[in-house]
Amino acid sequence: MNTPERLPRKFYARSTLVVARELLGQRLVRIEDGRRYSGIISETEAYIGMDDLGCHARSGRTPRNESMWGPAGYLYVYFTYGMHWMLNFVTEAESFPAAVLMRAIIPQEGLAEMRIRRKNKPDRVLTNGPAKLCQALNINGKLDGADSLNNQSPVFIEKMPAIEDQYVHTSPRIGLNTVPEPWKNKPWRFVYSPD
DNA sequence: AGCACGATTAACT
DNA sequence: GTTAATCGTGCTC
């Protein structure tokens, strides 16, 4: 069986909405101590530029959101709610701040270790949230600003067959409680529902 | 220096 | 359905 290729940088250097849609069905991989932990991406959200008032880039370039201005395919990992990490892949042209948030994956490899990291919660809630998948894959701020296309990268995405539109739906982004319209209800969340 | 709140989660009623 | 946990960040004074 062939080793899947990683998505090329050109994949990420496009419209964030297209990248967020097409990342559904692709395989998120975390390598740690030579072991693989992975899952199929099943939920994403797009955050697009300084004009998007739901995006961290809205308040300009700061140490926290610096990675969003970097090259496509780099990681933007940030800390929130005093306890949670979130994983994003940077998109579009360098110096344009945009990224796709990983909101859920369907676990594939490394389930046993994921269960331990997730406190033996039921499998159905192992990686069905942005902070949950970071916990299961042990993703934290040390990975912020890393290039997922570097050969040594411990986090990257492997190419898998595209998902048909029939299995995809969109909705407003989650958790933007105090974000004004029209940004609050932009249908920039993408969900892959198999079956 | 102080403060309000967050791209959430888990544990409640 | 509601709410506590928990603290870095950005904004105001």
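## Strand pairing around β1

Two strands pair if DSSP finds at least two bridges between them. Strands themselves are DSSP runs of E, at least two residues long, numbered from the N terminus. In this predicted model, β1 and β2 (residues 35-48) pair in the antiparallel sense over 6 bridges. Val-29 has Ser-38 of β2 as its bridge partner. The hairpin of β1 and β2 has 2 residues between the strands, and Asp-33 there takes a positive phi near 50 degrees.

β1 also runs antiparallel to β6 (residues 155-158), with 4 bridges joining them. Here Arg-27 is bridged to Glu-158 of β6.

## Burial of β1

β1 covers residues 27-32 and is mostly covered: 5 of its 6 residues are buried. Buried means under 20% relative accessible area, with a 1.4 Å probe and protein chains only.

Sugar and phosphate make up 63% of the DNA strand C atoms that come within 4 Å of the protein. By class, this surface has 3 nonpolar, 3 polar and 1 charged residues.

An N or O atom in the Thr-62 side chain is 2.5 Å from a phosphate oxygen of DNA strand C. A polar backbone atom of Tyr-81 is 2.4 Å from a base oxygen of DNA strand C.

## Conventions

Residues are numbered from 1 along each chain as its sequence is written, and chains are lettered from A and ligands numbered from 1 in the order in which they are written. Local features need pLDDT of at least 70, side-chain atom pairs count only at pLDDT 80 or more, and totals for chains, interfaces and linings use all residues, while side-chain values use heavy atoms, without hydrogens and water.

How values were computed. Buried means under 20% relative accessible area, exposed over 50%, partly exposed in between (1.4 Å probe, protein chains only). A residue is near a molecule or strand if one of its heavy atoms lies within 4 Å of it. A polar contact is a pair of N or O atoms within 3.5 Å; within protein, one must be able to donate a hydrogen and the other to accept it, and residues adjacent in sequence count only if both atoms are side-chain atoms. Ala, Val, Leu, Ile, Met, Phe, Trp, Tyr, Cys and Pro count as nonpolar, Asp, Glu, Lys and Arg as charged, and the others, Gly among them, as polar.
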